[in-house]
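Colleague: I am new to this structure and would like to learn how to read it feature by feature. May we begin with the strands?

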Amino acid sequence: MKIKDILASGRPTVSFEIFPPRKDAPFEPVREAVTQLAQQRPAFMSVTYGASGNAQANTVQIASFVQACGVPALAHLTCLTATRGSIAGEVDALHKAGIENVLCLRGDLPKDVSGPTGGDFAHAVDLVRALRPAGFCLGGACYPECHPECDHMEDDIIHLRDKVAAGLDFVTTQMFFDNNIFYRYLSKLRDRGVTVPVIAGIMPVTNGRQIARICRISGTYLPSRFKAIVDRYGDRPAAMLDAGVAYATEQIVDLFANGINAVHIYTMNRAEVAGRIMANLRNIVGG
Ligand code: FAD
């Protein structure tokens, strides 16, 4: 099923992100996580590509497994080091696996590479143009706190508008911990003519130290009430889990209450965390 049709229903939806096994790592733990996550009946599940050392071919395999569990899959695809030929191969593999949805991303340079990539694509917009004729439902990434490489939010939004105009059906945000940042961003997008559905990306934080590092890299703002939680519970994993689930739940309830109907949870493959959040939302998403 195409994600644009799921979003068009106008009902509150929750979807999940998972990452496939790293190179040479076993599939079984990821398959187990997918099986458990699928039982939460997410609207769809997205599968990352090449991020954090994932083997790229594993994305299609896991996306295929997601669909075998009865959940529509969204396969991520990055282009920074890709050639037209390698993308044609990816398109073929996605079609063969029956994947209908692709998240078009530029990706980041691998740590051991600097300078020219030898690839045919400079930005995600180029990938969108290449994939449009292939008939997929296409999504892209957007950044409520501006992409870290872009000096001005206005420029970043113009680039996003071009990317959408090239053929995106929806966009998904980078994580944010302050909903007001998201609401202001959404209003700017609408003012600048970006009209496609915007899926709000929510990261449940269950590891205080890890999130401080991620936020430093991505430039994500940590509100003081969030910092207080990490300061108080960061060294107590069970308490941090309770607090992280509560914080993410509160963010999602507020988003739904304010008319945002699509939320994407960065699950980090932790079915227990996603399950606890979904249990909190039982009568909100289902009702
Ligand atoms: P782009 O849209 O190309 O934007 C990148 C930068 O270039 C921005 O600063 C933009 O303003 C600028 N730009 C765009 N077009 C132009 C132009 N024409 N001229 C000048 N500047 C321009 N990474 C992975 O490796 N694998 C994943 O699976 C993955 N999944 C993600 C999922 C989500 C929801 C998000 C938000 C990010 C994900 N990422 C993933 C990270 C992403 O690859 C990085 O953030 C990357 O740095 C930018 O990717 P993009 O697709 O947003 O790039």
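This is a predicted model: local features need pLDDT of at least 70, side-chain atom pairs count only at pLDDT 80 or more; totals for chains, interfaces and linings use all residues.

**Reading the strands and helices**

Modeller: Strand β2 (residues 45-47) and strand β3 pair in the parallel sense, over three bridges. Two strands are said to pair if DSSP finds at least two bridges between them. Strands (E, at least two residues) and helices (H or I, at least four) are DSSP runs, numbered from the N terminus. Within this pair, methionine 45 has alanine 73 of β3 as its bridge partner.

Colleague: In what order do the strands close into a barrel?

Modeller: Eight strands form the barrel, in the order β1-β2-β3-β4-β5-β6-β7-β8, with parallel pairing. From one strand to the next, the twist averages 30°; such angles run from 0 to 180 degrees between N-to-C directions, with axes fitted as lines to C-alpha atoms, for helices over the stretch in contact. Several pairs can be followed individually. Strand β5 (residues 137-142) runs parallel to strand β6 (residues 170-173), and four bridges join them; there, cysteine 142 is partnered by threonine 173 in β6. Helix α7 packs on the sheet, where it touches β5, β6 and β7, and its direction makes about 160° with that of β7.

Colleague: Which strands pair with β8, and over how many bridges?

Modeller: Strand β1 (residues 13-18) pairs with β8 in the parallel sense over five bridges, and glutamate 17 has tyrosine 266 of β8 as its partner. Strand β7 (residues 198-202) also runs parallel to β8, joined by three bridges, with alanine 200 opposite valine 263.

Colleague: How many residues of β3 are buried?

Modeller: Burial is judged by relative accessible area: under 20% is buried, over 50% exposed, and in between partly exposed (1.4 Å probe, protein chains only). In strand β3 (residues 73-78), six of the six residues are buried, so the strand is largely enclosed by the rest of the structure. Ala73, Ala75 and Leu77 point one way, while Leu74, His76 and Thr78 point the other way, and all are buried. Strand β8 (residues 262-266) is mostly covered, with five of its five residues buried. On one side of β8 lie Ala262, His264 and Tyr266, on the other Val263 and Ile265, and all of these are buried.

Colleague: Is phenylalanine 44 buried or exposed?

Modeller: Phenylalanine 44, in the loop between α2 (28-38) and β2, counts as buried because its relative accessibility is 1%. Beyond residues up to four places away in sequence, phenylalanine 44 touches Ile3, Ser15, Phe16, Val71, Pro72, Leu74, Ile199 and His264, where contact means heavy atoms within 4.5 Å. Its C-alpha atom is separated by 5.0 Å from that of serine 15, 29 residues apart along the chain.

Colleague: At what angle do helices α9 and α10 pack?

Modeller: Helix α9 (residues 224-233) and helix α10 (residues 237-257) pack at about 165°, with axes 9 Å apart. That angle makes α9 roughly antiparallel to α10. The scheme counts angles under 35 degrees as roughly parallel, over 145 as roughly antiparallel, 65 to 115 as roughly perpendicular and the rest as oblique.

Colleague: How do helices α6 and α7 pack against each other?

Modeller: Helix α6 (residues 153-165) and helix α7 (residues 179-191) make an angle of about 55°, with axes 11 Å apart. These two helices are therefore oblique to each other, and α6 passes α7 in a right-handed crossing. Met153, Glu154, Ile157 and Leu160 of α6 meet Tyr185, Lys188 and Leu189 of α7. This contact has five nonpolar, no polar and two charged residues; Ala, Val, Leu, Ile, Met, Phe, Trp, Tyr, Cys and Pro count as nonpolar, Asp, Glu, Lys and Arg as charged, and the others, Gly among them, as polar.

Colleague: Which residues of α11 are buried?

Modeller: In helix α11 (residues 271-280), the buried residues are Ala271, Val273, Ala274, Gly275, Ile277 and Met278. Their cover includes β1, α2, α10, β8 and α12 (282-285).

Conventions. Residues are numbered from 1 along each chain as its sequence is written. Side-chain values use heavy atoms; hydrogens and water are left out. A crossing is left-handed if the near helix is turned anticlockwise from the far one by less than a right angle, and right-handed if clockwise.
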